[in-house]
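Biologist: I would like to learn how to read strand order and helix packing from a model. Could we work through one example?

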Amino acid sequence: MCAEELIPAGGQRDTDIQMSRYERMLASSDTAAVCAGSDNLIISWNSGAEKLFGFAESQVLGRPLSLIIPPKHRAAHDAGLARAARSGEARLAGHWVEIIAQHADGREFPVDLALSMWFESGQPMFGALLRDVTDRYDAKRRLEHLAHCDTLTALPNRNALYAKLASTNRQSPCALVLLDLDGFKHVNDTLGHSVGDLLLAQVALRLSRLTPAEGYLARLGGDEFAVLLPECEDPLVVDAVASGFIRDLQAPFELADQSVFVGASIGIAMSSDKPFAVDQLISRADMALYSAKGEGGNRRTFFTKNMQTDAERRHRLSVELRHALANREFQLLYQPQVSLLTKEVTGAEALLRWRHPTHGLLLPSEFIGLLEESIAAEEVGDWVIREACGAAAEWKRLAGRDVQVGVNLFSAQLRSGRLFDVVSSAIKDQLLSSKQLELEITETTVLSYNSQSTKALRQLKKLGVGIAFDDFGTGFASLSLLQKYPLTRLKIDRSFVARIHRKTGDAAIVGAIIQMAKAFGLSVIAEGVENASQEVALTHLECDSAQGFKYGHPMSKAAMLDLLMKPGQRPPRN
């Protein structure tokens, strides 16, 4: 019933008839109906109101309408009706609004209220229709909870963190700590997502214990967590908190009847003296985290202004990468690979370089990570395969040598389902022997393991293409996935080779890798060989091949041809 329906259209008799019908209609209605005069005192109370509020009509007639309003809200309610009585207009008339009401037993609950206003003998009268919306209110609160709570860890989620930052006094200093687990993907890939979920829940518990009482801990998604430290401007305090996180997470987690180890990388951003912007603070902490990851992980890094410059440069390069192939800005250099038995050049690794129109020749460390994440990765990878096969064909034609060329694969090439066709077509087009091509997979591509990629690699191995595991021994997945991939060769990382001639431990590791490789029927090549002492040590350990600056820096296709045509280079023995 709207206010306009109750405004008198004729004489007093017509008004009395309308009010009589109105009261009879609502008397037995399940909808709570309450009427009050201009003095805010109740003059009508139906059976629906009795059921809703627990007051009998005799208990409320003549009492203030604010009886059904919680005490803390009554002053505002009374003031609102008083304003309506003075002005002759009720701002809420004709609209349903949600308010908090109070039952006779004192409990509070949400109701929808529709207010009507009319005049009798020139005096304003008020009518209210009310209905219980507790179920809807509870559902709304549950949805709000789900929208701001991470169900796996019961921590606040990303939305909650943003809301917390937005409501924080941004005039005051604060610190934001972003934490990302090192090695979490390995746990998921080897032990399964259920164990990964258990790990995240345990990590949340440890972080909760170490987070200061005034801190705000949230899970942002995946294996990333955040801690907001309000009213904090001392970097030493923040550093102590971050160090505690890293130290505590190094202890093993006992999950699925085994010990699971992870580390943590942390990025920290401190708000400046000026009011901070939420997005800017998060972005800075994220850049610091990126830097910590890039430095090998298991460390904490504070944001510095040069990180902003580096991030902007990476963004520009990532955009320019999409056009680099079409603009013919990529080129391949080749580093010789030598048999340690004969000292002959038996192959070369193709190394991608970007001749940037502004920045000049860029090394892989400056753009490969960006390219790996770019939509252009697969297309560039296919170009590398074709270009490298073309170089091997030219060397064979001009130098009379069957030289094997190694090509690093991007994860995108393994995921696409096109790898076998791309490789086999490149070999066929260049009239190569399949043995003249070797595909190198790194830990990054291994951790993207899927049956589709394995099938393509198995087909290529049957075709005669070599499959090498690059940087062996440096990551989490090396041993567990050796049998899952159809490998033909292991490449020992340069970090083990650098001190092999003077550090017993490194020599022992390399020796163990070589013996294990032989047990798997794999050949071994060592990277980063720079001097004769390293070469002697590797030869003593029965390593098959080597590459590094001792045998040549990365060189052009033409320079590689000159090397192959030197008198001392005989065709490799069969």
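Predicted model: local features only at pLDDT ≥ 70, side-chain atom pairs only at ≥ 80, totals over all residues.

Biologist: What is the order of the strands in the open sheet of 5 strands?

Modeller: In general, strands of a sheet pair through backbone hydrogen bonds, either parallel or antiparallel. Here the order is 7-8-6-11-12, and the pairing is mixed. Strand 7 (216-221) and strand 12 (300-302) are the edge strands, each pairing on one side only. On average, neighbouring strands of this sheet are turned by 20 degrees against each other, direction ignored.

Biologist: In which sense do strand 11 and strand 12 pair?

Modeller: Strand 11 (residues 263-270) pairs with strand 12 in the parallel sense, over 3 bridges. I268 has F302 in strand 12 as its bridge partner.

Biologist: Which strands does helix 11 touch?

Modeller: Helix 11 (residues 278-294) packs on the sheet and touches strand 6 (174-182), strand 8, strand 11 and strand 12. Its direction makes about 140 degrees with that of strand 11. Helix 7 (residues 158-167) lies across strand 7 and strand 8 (224-230), at about 135 degrees to strand 7.

Biologist: At what angle do helix 14 and helix 16 pack?

Modeller: Angles under 35 degrees count as roughly parallel. Helix 14 (residues 377-399) and helix 16 (residues 419-429) pack at about 20 degrees, their axes 9 Å apart, and are therefore roughly parallel to each other. The crossing is right-handed.

Biologist: Which residues make the contact?

Modeller: Helix 14 contributes D382, I385, R386 and C389, and helix 16 contributes L419, V422, V423, A426 and I427. These contact residues divide into 7 nonpolar, no polar and 2 charged.

Terms used. Residues numbered from 1 in each chain as written. Heavy atoms only, no water. Pairing = 2+ DSSP bridges. Helix = DSSP H or I, 4+ residues; strand = E, 2+ residues; numbered from the N terminus. Axes fitted to C-alpha atoms, helices over the stretch in contact; angles between N-to-C directions. Contact = heavy atoms within 4.5 Å. Parallel < 35°, antiparallel > 145°, perpendicular 65-115°, else oblique. Left-handed = near helix turned anticlockwise from the far one by under 90°. Nonpolar A, V, L, I, M, F, W, Y, C, P; charged D, E, K, R; others polar.
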